[in-house]
Amino acid sequence: TLQAIAAHRIDGVTFNFPYREQGRKIPDRAPVLEQCYAAVIAATRERLASARARLFIGGRSMGGRMATQLVAQQPELAVAGLVLLGYPLHAPGQPSKRRDAHLPLVRQPMLVVQGSRDTFGTPDEMHPVFDPLAPRATLHIVEGADHSLVVSRTASRQAPVNDAIRARVVDWIRAITEAGEATPRQQP
């Protein structure tokens, strides 16, 4: 949760895409989602000094994909890095219809947290996509987790998994910030 990350002196913002706010189950098309994401970034920068200094974006599943698409299309967007939780490389059972063509255009470091049982992209499918990127994306596999990063429906068994994921995100953000790697890489 954001409160747990905020305890590490990292500001966080969450938002819903318009279709969710309107109670619809079918997502809007990518341009609407990307426009919403860009508006959230602008509003966040306006309200938070920390976001003006250094901003990491990302999201879970489609939210992470929209974040990558946005920075791929707008390389001038000042984003220090991306955190992708359960990246949807393809729809379940459709590995030939991948959603990765834009990823080489992302010039920021990425942390990809993926479940080992994720039907939207297994670790074996993710490594060939993310490993060749420069800077190389950091792929963190959560053993036994599904696309939602759930290992167990029992709260006492899931809680330490969630804590470990949060710690990994915080450590990665700190490492990128401290190393000064928050500068977008140059076009090849």
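Reader: Hi! Is Asp100 buried or exposed?
Author: Asp100 counts as buried, at 15% relative accessibility. Buried means under 20% relative accessible area, exposed over 50%, and partly exposed in between (1.4 Å probe, protein chains only).

Reader: Thanks! What kind of model is this?
Author: This is a predicted model, where local features need pLDDT of at least 70 and side-chain atom pairs count only at pLDDT 80 or more, while totals for chains, interfaces and linings use all residues. Residues are numbered from 1 along each chain as its sequence is written, and side-chain values use heavy atoms, leaving out hydrogens and water.

Reader: Back to Asp100: which residue forms a salt bridge with Asp100?
Author: That is Arg98, with the closest N and O atoms 2.5 Å apart. A salt bridge is a side-chain nitrogen of Lys or Arg within 4 Å of a carboxyl oxygen of Asp or Glu. Arg98 is partly exposed, with a relative accessible area of 45%.

Reader: How many salt bridges does the structure hold?
Author: Four. Another one joins Asp131 and Arg136, at 3.2 Å between the closest N and O atoms. Asp131 is partly exposed at 23%, whereas Arg136 is exposed at 54%.

Reader: New topic! How many residues does the largest nonpolar core have?
Author: The largest one has 32 residues, and Phe17, Tyr37 and Tyr87 are among those with the most contacts inside it. A nonpolar core is a set of buried Ala, Val, Leu, Ile, Met, Phe, Trp, Tyr and Cys residues joined through side-chain atoms within 4.5 Å.

Reader: And is there another?
Author: A second, separate core of 17 residues includes Leu111 and Ile165.
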